[in-house]
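Okay, thanks for making time, everyone.

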Amino acid sequence: MKISGWGRYPVADAHVYAPRNLDELIARVAAGQAIARGNGRAYGDSAISETNTIPMRHFNRICSFDNQTGQVVAEAGVLLGDIIKAFLPRGWFPYVTPGTKFVTLGGMVAADVHGKNHHKDGSFRTCVDWIDLIDASGQVKRCARDENTDLFEWTLGGMGLTGVIVRVALRLRPVETGWIRQQTHVAENLDQAIDLFESTLDATYSVAWIDCLQRGDGLGRSLVMLGEHAQKTNLDRSVRHSPLVVLEKSKKTVPFDFPGWSLNRWSVQAFNALYFWNGKRKPRDTLVDWDSYFYPLDAILGWNKIYGRKGFAQFQCVIPLEQSRAGLRALLDAISKAGSGSFLSVLKRFGAQDSPFSFPTEGYTLALDFPVTKETLTLMQHLDEITLAHGGRFYLAKDSRMSRETLAQSDPRLPAFVANRQASRADPTFQSVQSVRLGL
Amino acid sequence: MITGPVLILGAKSDIAMAIAHRFAKEGYAIQLAARNAQALEAERADLALRYDVDVTLHDFDALATDSHAAFVDGLDPLPQIAACAVGYMGEQGQNEQETEAAVTVMRSNYEGPASILGILANKMEARGSGTLIGISSVAGDRGRATNYIYGSAKAGFTAFLSGLRNRLAKKGVHVVTVLPGFVATKMTQGMDLPAKLTADPSEVGQAVFQATTRGRDVIYVRKIWFVIMMIIRNIPEKIFKKVKI
């Protein structure tokens with residue numbers, strides 16, 4: 001059947017079979033060239049194998065919960081949103097969360113996802129106690145920091161190329177409420193935005209929206225948004241009696257493919273409205289519920305259709321700290337000059353991280369959406385070059401179009417990853433369209 | 001208003017688990033009944049953890065009808081709601097040629113379910129309250145060459161539910177007949193089913209929950225099946241016997 005990632009580009013004709021139990025799953029792995037697929041939220045071709053794509057939707061049970069430590073054990077196909085639904089009412093929230101709750105735990109491990117608290121708490125691996133993995137030999141192996149250590153380390157951020165993750169033990173964070181105190185600061189340009197990030201490193205959450213249409217003095221004009229988990233005493237009387245209630249919001253669904261130009265016009269208008277509104281007043285706390293704060297786009301089911309039939313591509317890189325200002329300026333300059341494509345992008349400060357193959361490293365990460373056109377594909381190649389020139393690297397969970405040369409130049413850890421895969425026979429047992437494209 | 005547990009018979013099926021999830025979400029305690037119920041431990045833990053409800057496992061064999069009375073006596077408390085998702089399609093070709101196979105299909109879809117619901121009905125009637133839910137099939141609306149062994153047993157079950165409803169209507173016990181149409185489950189895995197006519201198990205769970213709370217009698221999970229079956233039922237036999245359908 002024809003499948004694609006969340007960006008709906010590229011589309012591949014793939015053999016897809018969803019095993020129902022461990023024996024069936026192990027048999028699928030034995031068939032080789034296998035890649036596990038969670039909820040299909042990687043943007044490109046990370047979770048597609050033309051010969052052997054393995055949806056993990058039948059591995060969707062929560063196995064245990066320890067209300068002293070906050071440790072949940074669950075099968076890899078469980079959605080993050082289900083974890084929140086089950087445990088937020090009991091006072092627990094994910095320790096690290098990406099920008100959508102429609103990801104599976106297995107996918108979160110494979111991409112070693114990060115959230116708005118990376119500068120403080122690191123990537124998802126921080127809260128992973130152990131994983132069970134089917135390796136190339138077809139055996140289920142418990143991997144942790146003190147057991148099958150290498151396999152554990154390579155698997156976090158390993159894009160499913162070390163084996164199939166079947167079970168994950170993760171620790172949640174105790175919270176008093178399901179609300180976030182948000183503070184929005186206006187930055188007139190890139191330097192101000194970076195200064196704001198650097199002076200607020202103690203904030204739990206921080207992220208910026210950048211208006212990519214600005215040039216010159218206004219280049220990098222942005223809204224920097226900080227967040228803290230609210231205490232009960234921060235809440236209005238109207239919600240204080242049920243601070244942990246999981247609201248079931250009405251979801252809007254995008255019913256059909258929009259023409260390719262529409263989303264960005266809206267998002268920039270929304271940005272401008274917020275920007276000018278915030279610029280006129282002193283930053284102060286506003287209370288935002290967890291769903292709107294962490295997952296604004298989840299409220300629009302199928303928002304990926306907004307980009308039209310041809311789909312869209314994400315570009316996300318990280319530039320090391322010492323090169324960040326120069327690198328980001330060059331990237332934003334190229335984007336605003338191109339004038340087409342991404343109008344709004346997300347900027348985030350990463351904290352220090354040293355891991356075998358995970359994406360984050362200390363510095364600044366920039367994420368952009370582009371509708372797929374000849375022009376934007378060319379622009380993204382240009383952005384690749386700028387990133388390389390500033391010592392940066394790329395997020396594989398977002399990638400759908402990079403060249404293997406670019407990846408090889410960006411990441412000195414690549415040869416070790418590849419050698420490890422070959423030595424453990426993970427290659428060719430586990431392969432995705434992306435791993436073949438990139439020579440992983 | 002939550003007044004008692006929901007018993008799920010034939011709990012290993014996808015439809016059964018979807019119904020269990022839907023009721024557990026509302027805070028109902030769940031009793032999962034199936035052959036070798038211990039194999040459902042992972043499902044039990046999952047339901048209990050997700051919804052913070054009590055979930056118990058009960059050994060139940062739909063074909064061992066002489067054990068049904070004791071099984072019901074062993075339920076503590078007697079469920080407020082019981083849903084029977086027991087069913088077995090078999091393979092039509094084999095069912096035609098091997099009596100043994102055909103009888104298993106007939107017993108799995110009619111005799112077993114009718115036996116257990118009959119016993120539960122009597123207990124609920126004595127108590128004066130309860131809901132019985134039978135998962136029947138559109139295949140029971142008219143016998144067709146491609147699956148009439150299964151269909152005939154489901155037809156019997158549908159008639160049984162109808163009669164039971166008629167009998168208990170004034171006794172405080174409600175009976176729901178569910179006709180799911182195509183559902184993407186283990187049973188239909190590998191079949192080439194049209195997407196517009198095929199429901200996800202969770203849709204069945206939702207439809208069953210709504211029918212229970214709203215007091216509906218007979219439901220087709222996707223409304224289109226009501227129309228399709230109306231047409232199929234009304235084709236004159238002279239023509240029907242010659243069409244491949």
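So, start with the surface of chain B: I224(B), F226(B), V227(B), M230(B) and I231(B) make up a nonpolar patch there, and together they have about 430 Å² of accessible area. Keep in mind that this is a predicted model. Is V227(B) buried, exposed or partly exposed? Its relative accessibility is 44%, so V227(B) counts as partly exposed.

Okay, aromatics next. Over all chains, the structure holds 22 aromatic pairs. One of them is F350(A) with F359(A): the ring centres are 5.6 Å apart and the planes sit at 80 degrees, so that's an edge-to-face pair. Both F350(A) and F359(A) are buried. Then over in chain B we've got Y110(B) and F160(B), with ring centres 6.5 Å apart and planes at 80 degrees, so this pair is edge-to-face as well. And where do Y110(B) and F160(B) lie? Y110(B) is in helix 5 of chain B, residues 99-127, and F160(B) is in helix 6 of chain B, residues 148-168, so the pair ties together parts that are 50 residues apart in sequence.

Now, charges over rings. Have a look at R142(A): its charged end sits over the ring of W130(A), 3.5 Å from the ring centre. In chain B, the charged end of R142(B) sits over the ring of F240(B), and there the distance to the centre is 3.8 Å.

R142(B) and E237(B) meet through their side chains in a salt bridge, 2.5 Å from N to O. That one links distant parts of the chain, 95 residues apart: R142(B) is in the loop between strand 5 (130-135) and helix 6 of chain B, and E237(B) is in helix 9, residues 237-240. R142(B) is buried, at 12% relative accessible area, while E237(B) is partly exposed, at 49%.

How many salt bridges does the structure hold over all chains? The total is 36. Over in chain A, R167(A) forms one with D132(A), and the closest N and O atoms are 2.6 Å apart. R167(A) belongs to strand 10 (residues 164-174) and D132(A) to strand 8 (residues 128-134), so this pair ties together parts that are 35 residues apart in sequence. R167(A) is partly exposed, with 25% relative accessibility, but D132(A) is buried, with a relative accessible area of 3%.

Another one in chain A: the side chains of R437(A) and D399(A) form a salt bridge at 2.8 Å, N to O. Here R437(A) is in helix 15 (residues 433-438), and D399(A) is in the loop between strand 20 (393-394) and helix 12 (404-410), so the pair ties together parts that are 38 residues apart in sequence. R437(A) counts as partly exposed at 22%, and D399(A) is buried at 4%.

And that's what I wanted to show you.

How values were computed: Residues are numbered from 1 along each chain as its sequence is written. Chains are lettered from A and ligands numbered from 1 in the order in which they are written. This is a predicted model: local features need pLDDT of at least 70, side-chain atom pairs count only at pLDDT 80 or more; totals for chains, interfaces and linings use all residues. Side-chain values use heavy atoms; hydrogens and water are left out. Patches are made of residues with over 30% relative accessible area and no salt bridge: like charges are joined within 9 Å, nonpolar side chains (Val, Leu, Ile, Met, Phe, Trp, Tyr) within 5 Å. Accessible areas come from the Shrake-Rupley method with a 1.4 Å probe; for residues, only the protein chains shown count as cover. A salt bridge is a side-chain nitrogen of Lys or Arg within 4 Å of a carboxyl oxygen of Asp or Glu. Buried means under 20% relative accessible area, exposed over 50%, partly exposed in between (1.4 Å probe, protein chains only). Rings of Phe, Tyr and Trp (its six-membered ring) pair if their centres lie within 6.5 Å; planes under 30 degrees apart count as stacked, over 60 as edge-to-face and the rest as tilted. Helices (H or I, at least four residues) and strands (E, at least two) are DSSP runs, numbered from the N terminus. A charge sits over a ring if NZ of Lys or CZ of Arg is within 6 Å of the ring centre and within 35 degrees of the ring normal.
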